[in-house]
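This briefing goes through one protein chain, from overall fold to single residues. Please keep the sequence and the model open while reading.

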Amino acid sequence: MRIAVDLDEVLFPFIDNLVKYVNHVRGSSHTPKELSSYYLWETPLFDSKEEVIAVVFDFWNSDFSKNIRPIFGSVKGVDHLHRKNELVVVTSRQSELENITNKWIEKYFSGKFEGVYFGNHLQRDNREERSKGGICLSLGVNAIIEDNANYVNECARLGIKGYLISNPWNVNKKLERNVRRVDSWREIVNVI
Ligand SMILES: [Mg+2]
């Protein structure tokens, strides 16, 4: 089976580290639990999409984005899935983060993924944006592991089986029938 694995919040703990960065810069004490939406400009931390884009790129240029270790259980989980499946990373990250992203994946998941594909959402230049569903269809993906309910539902409607890792921003989302909610990597390797 060919499985698409999302990057942020599935392999890479982006939100936790972004919140740490925001607290450091502003002297605030926000927690990731306040993020009831994946769309950060809809949360108490940010006022607009433009602000989110600016802060996210500042984060990537800061020391807060360095030496970040993978999400608990993901290294073992990917290793397990890799034995019997073909894996690809499908991320909505911007393609200008390609170098940083590929280096991090190479460091912790060397040889496990056939490719890394960028959706290029929330970009600050005018590069082409691609939907996750579109990327997965073009790659012939059978299943996707995600934390964003909209993306996993989009893929499910295209016939791609979904596994959604529960998070504060997706707990109340309605899911398509072929999406299964999971709590951890341990559960993912048990059910796939
Ligand atoms: Mg994600």
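In which loop does Asn 120 lie? Asn 120 lies in the loop between β3 (116-118) and α5 (132-139). The model is a predicted one, and the protein in it has seven helices and six strands.

**Overall fold**

- Read from the N terminus, the elements follow the order β-α-α-α-β-α-β-α-β-α-β-β-α.
- The protein is as compact as a globular protein of its length, because its radius of gyration of 16 Å is close to the 16 Å that the globule rule gives for 192 residues.
- The C-alpha trace spans about 45 × 35 × 35 Å along the principal axes.
- Of the 192 residues, 33% count as buried.
- Among contacts with a separation of 6 or more, 56% are between residues 24 or more positions apart.

**The sheet**

- Six strands make up an open sheet with parallel pairing, in the order β3-β2-β1-β4-β5-β6.
- At the edges are β3 and β6 (179-182), each of which pairs on one side only.
- From one strand to the next, the twist averages 20 degrees.
- Strands of a sheet pair through backbone hydrogen bonds, either parallel or antiparallel.
- β1 and β2 pair in the parallel sense over four bridges, and in this pair Val 5 stands opposite Val 89 in β2.
- β2 (residues 86-91) also pairs with β3, in the parallel sense and over three bridges.
- Val 89 stands opposite Val 116 in β3, and Thr 91 stands opposite Phe 118 in β3.
- Helix α5 lies across β1, β2, β3 and β4 (143-146). The angle between α5 and β2 is about 155 degrees.

**Helix α3, buried on one face**

- Which residues of α3 (residues 74-84) are buried? They are Ser 74, Gly 77, Val 78 and Leu 81.
- Down the axis of α3, these buried residues fall within an arc of 95 degrees, so they line one face of the helix.
- An α-helix has 3.6 residues a turn, so residues three or four places apart point the same way.
- Asp 79 and Arg 83 are exposed on the other side of α3.
- The cover over the buried residues of α3 includes β1, β2, α4 (98-109) and α7 (185-191).

**Helix α6, largely enclosed**

- Seven of the nine residues of α6 are buried, so this helix is largely enclosed by the rest of the structure.
- The buried residues of α6 are Ala 149, Tyr 151, Val 152, Asn 153, Glu 154, Cys 155 and Ala 156.
- Elements covering the buried residues of α6 include α5, β4, β5 (161-165) and β6.
- After α6 comes Gly 159, with a positive phi near 90 degrees.

**The largest nonpolar core**

- The largest nonpolar core has 35 residues, of which Val 5, Cys 136, Ile 144 and Val 152 touch the most other members.
- Which helix gives the most to this core? It is α6 (residues 149-157), with five residues.
- Val 152 is in contact with Ile 144, Glu 146, Gly 162, Leu 164 and Val 179, leaving aside its neighbours within four places in sequence.

- Most residues other than glycine have a negative phi, and most peptide bonds are trans.
- Phi of Glu 9 is positive, near 75 degrees, in a residue other than glycine. Glu 9 is found in the loop between β1 (2-5) and α1 (14-26).
- Is Glu 9 buried or exposed? Glu 9 counts as buried, because it has 20 C-beta neighbours inside 10 Å.
- Asn 120, in the loop between β3 and α5, has a positive phi near 65 degrees.
- Asn 120 is partly exposed, with 19 other C-beta atoms within 10 Å.

Definitions and conventions
Residues numbered from 1 in each chain as written. Predicted model: local features only at pLDDT ≥ 70, side-chain atom pairs only at ≥ 80, totals over all residues. Core = buried A, V, L, I, M, F, W, Y, C linked by C-beta atoms within 7 Å. Buried ≥ 20, exposed ≤ 12 C-beta atoms within 10 Å, placed from the backbone. Helix = DSSP H or I, 4+ residues; strand = E, 2+ residues; numbered from the N terminus. Contact = placed C-beta atoms within 7 Å. Pairing = 2+ DSSP bridges. Axes fitted to C-alpha atoms, helices over the stretch in contact; angles between N-to-C directions. Rg over C-alpha atoms; globule rule 2.2 N^0.38 Å. Arc of directions from axis to C-beta.
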